[in-house]
Amino acid sequence: MPRKKKSIEPNKINFRESFASLKFVPRFFREIRKVNPLLFYTNVICRIINAALPVLILYVGKLIIDEVLLQISTEEKELDRLWILVAAEFALAILSDLISRGINLSDALLGDQYSIDTSVRIIKKTSEINLDQLEDSEFYDKLERARQQTTGRVGLMSNILTQGEDIVVILSLLGGVVAFEPWLIVLLVVSIVPTLINEIKFSGTSYSLARSWTQERRELDYLRYAGASDVTAKEVKLFGLSDYLAKRFKGLSDKYYTQSKKLAKQRAGWGSFFNIIGTSAYYGAYVFIIFRTVAGALSIGDLTFLSGSFNRLRSKLQGFFTRFTAITESALYLQDYFEFLDLSFAEKNSEGNLPLPEKISSGFEFKNVGFKYPKSEKWVVRNINFELRAGEKLAFVGENGAGKTTLIKLLLRFYEPTEGEILLDGIPVKKYNQAAYQQYFGVIFQDFVKFELTLRENIAMGEIQEINDQQRLDSAAQKSLAQEVVAEMPLGYNQQLGKRFKNGKDLSGGQWQKIAIARAYMKDAEVLILDEPTSALDARAETEAFQRFIELTQGKTAVIISHRFSTVRIADRIMVLKDGAVLEIGTHSELMKNNKLYAELFNLQAAGYQ
Ligand SMILES: Nc1ncnc2c1ncn2[C@@H]1O[C@H](COP(=O)(O)OP(=O)(O)OP(=O)(O)O)[C@@H](O)[C@H]1O
């Protein structure tokens, strides 16, 4: 696949944008607070107390030293005040330790709860999205970036809160230092500013790089999956694809590695340079304090207080700026997460809200329906006119790619027709609420999902709120012949399916299909759609399954797609599609009389079975 050459664009996300991303922080905090208000406020209060402690401890330390020196120089020792000060410092140290642990604990708990909340919101948001968006690669990139938020944001929260706490610590230390030697602070602050600018600049750049590589990262994930998963293992082994896939993976990752290495080196180089400036400024200040103490302008207590405050200030300021970079970087990702949550779905809002008929009276009608998939110029189906009458079993036949599944997707309103319209009992389906309309249908797609959950859940997926209705489960399993599968499983309905998890049992293609059909029976839907759900069954079993289906769903409207004509003939009517158009429609005997494509294909298959 030809790929555009990517390069690092250092100025793509600039200083201003790094700051601008911080505007999402208040919303982020509102969300965290909502997750657990009690824990959130406990955390904030602990941090406020914690912020005041360092300067207090240092100050009490200074008082202790001054008191010790005073006691050394006096004849009559009065140690009471000294012991009170020592006890006060001890109490402060214990309090500081306890509060730090409280903060760590509430950080971890809040972080976990928020990441659960984020994952749930992403899953829910994804379900609101229209099928065309789900099939869009740009949308997938957004989803991918949003998903990254679920794990990384825990750090962002504690970083921001620690930042707030450190601002208080820094201000209080600065206050203390200002009281003794004001201009020292100027020297310290000035030496730190270049580090800040440098960090912000590189943070934007590394985000730009990561963002411009979202597609490739998805490709890497896919290649990793294709090269190392139980689903692909058979073919990978048989065709000896592992070296090829590994090489493709490595080729792509190496490109990313080269670019991020260059960036990391630049960042480390400049970072070290500015750190040296910062350290020099600190030691300059230190030498100055020593001179002032030797000259007698400062006491020994002042010296310990000032050098201690400086030491703390330096590490706090360094931490502050490094953390600031981490925060702006994470906030840029936060923007992606909120953008994803804020995606709006114009079509859904414009839909009608007409109540659905309780029972279908006349049925569905496709009137001059034509459809092109989004971003495609090709008419997949066009000039489609037919009726799906209430209570009838209509079969779709046609060669691969003729448009059968596309018609189902249109009927289900996964997409809107590009031209023409679909009516239900004479009313355009657009006028009904989409979610309620879709509840009318029980559908088994040809690529139905094999959920790696329990057998019970797999069947209940047809009507998940009825998962505890054992009778309903039994009846669905019995109708679809999935009862046989249940009987074979050591844990019956509670058997874990698939190979991904412990004690999971994998099923044969036919067994999975029986379970998928049980899902359709589980839902007492008005309209049933079976899109080649029995292709893994042998010819006789498929015909039996269909015969059974038709008997069991008397009075229900159904569409059946199958390539087996022995099955199709059981349907009330058959619609033959060719190149996106209806070629013929009628009962089996009418179409045989017609002697066109249906008769030809039927005879061809019949001859094959003789
Ligand atoms: N999401 C999509 N985006 C673009 N084109 C699509 C999409 N899905 C299907 N198509 C195209 O629409 C055409 C009809 O596909 P459809 O799946 O409806 O055929 P079908 O008759 O069900 O085929 P089969 O018997 O192989 O299942 C094909 O040319 C296919 O490439």
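Colleague: Which residue in strand 9 stands opposite Val397?
Modeller: This is a predicted model. In it, strand 3 (residues 393-398) and strand 9 (residues 573-578) pair in the parallel sense. 5 bridges hold that pairing. Across it, Val397 faces Val576.

Colleague: What is the order of the open sheet of 6 strands?
Modeller: The pairing in this open sheet is mixed. Its edges are strand 6 (441-444) and strand 10 (581-586), each pairing on one side only. From one strand to the next, the twist averages 15°. Read across, the order is 6-7-8-3-9-10.

Colleague: Which residue in strand 10 stands opposite Lys578?
Modeller: Strand 9 and strand 10 run antiparallel. 5 bridges link them. The residue opposite Lys578 is Ala581.

Colleague: Which residue in the turn of the hairpin of strand 9 and strand 10 has a positive phi?
Modeller: The hairpin leaves 2 residues between its strands. One of the turn residues has phi at about 45°. That residue is Asp579.

Colleague: Helix 18 lies across which strands?
Modeller: Helix 18 covers residues 509-522. Its direction is about 175° to strand 6. The strands it lies across are strand 6 and strand 7 (527-531).

Colleague: Is helix 16 parallel or oblique to helix 18?
Modeller: The axes of helix 16 (residues 470-479) and helix 18 come within 8 Å. They cross at roughly 125°. That angle makes the relation of helix 16 to helix 18 oblique.

Colleague: How many nonpolar residues does the contact of helix 16 with helix 18 have?
Modeller: The crossing is right-handed. Helix 16 brings Arg472, Ala476, Ala477 and Lys479, while helix 18 brings Ala518, Tyr521 and Met522. By class, 2 are charged and no polar residue takes part. The nonpolar residues number 5.

Colleague: Now the open sheet of 4 strands: what is its order?
Modeller: Its pairing is antiparallel. Strand 2 (381-389) and strand 5 (427-428) are the edges, each pairing on one side only. The order is 2-1-4-5.

Colleague: Which residue in strand 4 stands opposite Phe366?
Modeller: Strand 1 (residues 363-371) and strand 4 (residues 419-424) run antiparallel. They are joined by 5 bridges. Phe366 of this pairing looks across to Ile422.

Colleague: And which residue in strand 2 stands opposite Gly363?
Modeller: Strand 1 also pairs with strand 2, again in the antiparallel sense. Here there are 6 bridges. Opposite Gly363 stands Arg389.

Colleague: At what angle does helix 13 run to strand 1?
Modeller: Helix 13 spans residues 404-411. It lies across strand 1, strand 2 and strand 4. Relative to strand 1 it runs at about 115°.

Colleague: Which helix gives the most to the shell around the ligand?
Modeller: The ligand has 12 residues around it; Tyr373, Asn400, Lys404, Thr405 and Thr406 come nearest. By class the shell has 3 nonpolar, 7 polar and 2 charged residues. The top contributor gives 3 residues, and that is helix 13.

Colleague: Is helix 8 roughly antiparallel or parallel to helix 10?
Modeller: The axes of helix 8 (residues 214-227) and helix 10 (residues 242-294) come within 10 Å and cross at roughly 155°. Angles over 145 degrees count as roughly antiparallel. Helix 8 and helix 10 are therefore roughly antiparallel.

Colleague: How many charged residues does the contact of helix 8 with helix 10 have?
Modeller: The crossing is left-handed. Helix 8 brings residues including Glu216, Glu219 and Arg224, and Arg248 is among those of helix 10. There are also 8 nonpolar and 3 polar residues. The charged residues number 4.

Colleague: Are helix 3 and helix 11 roughly antiparallel or parallel to each other?
Modeller: The axes of helix 3 (residues 37-73) and helix 11 (residues 300-341) come within 8 Å. They cross at roughly 160°. The two helices are therefore roughly antiparallel.

Colleague: How many polar residues are in the contact of helix 3 with helix 11?
Modeller: Helix 3 passes helix 11 in a right-handed crossing. Among the residues that meet are Pro54, Gly61 and Leu69 in helix 3, and Thr304, Phe305 and Arg312 in helix 11. The contact has 8 nonpolar and 4 charged residues. Its polar residues number 5.

Methods
Residues are numbered from 1 along each chain as its sequence is written. This is a predicted model: local features need pLDDT of at least 70, side-chain atom pairs count only at pLDDT 80 or more; totals for chains, interfaces and linings use all residues. Axes are lines fitted to C-alpha atoms, for helices over the stretch in contact, and angles run from 0 to 180 degrees between N-to-C directions. Angles under 35 degrees count as roughly parallel, over 145 as roughly antiparallel, 65 to 115 as roughly perpendicular and the rest as oblique. A crossing is left-handed if the near helix is turned anticlockwise from the far one by less than a right angle, and right-handed if clockwise. Two residues are in contact if their C-beta atoms, placed from the backbone, lie within 7 Å. Ala, Val, Leu, Ile, Met, Phe, Trp, Tyr, Cys and Pro count as nonpolar, Asp, Glu, Lys and Arg as charged, and the others, Gly among them, as polar. Two strands pair if DSSP finds at least two bridges between them. A residue is near a molecule or strand if its C-beta atom, placed from the backbone, lies within 6 Å of it.
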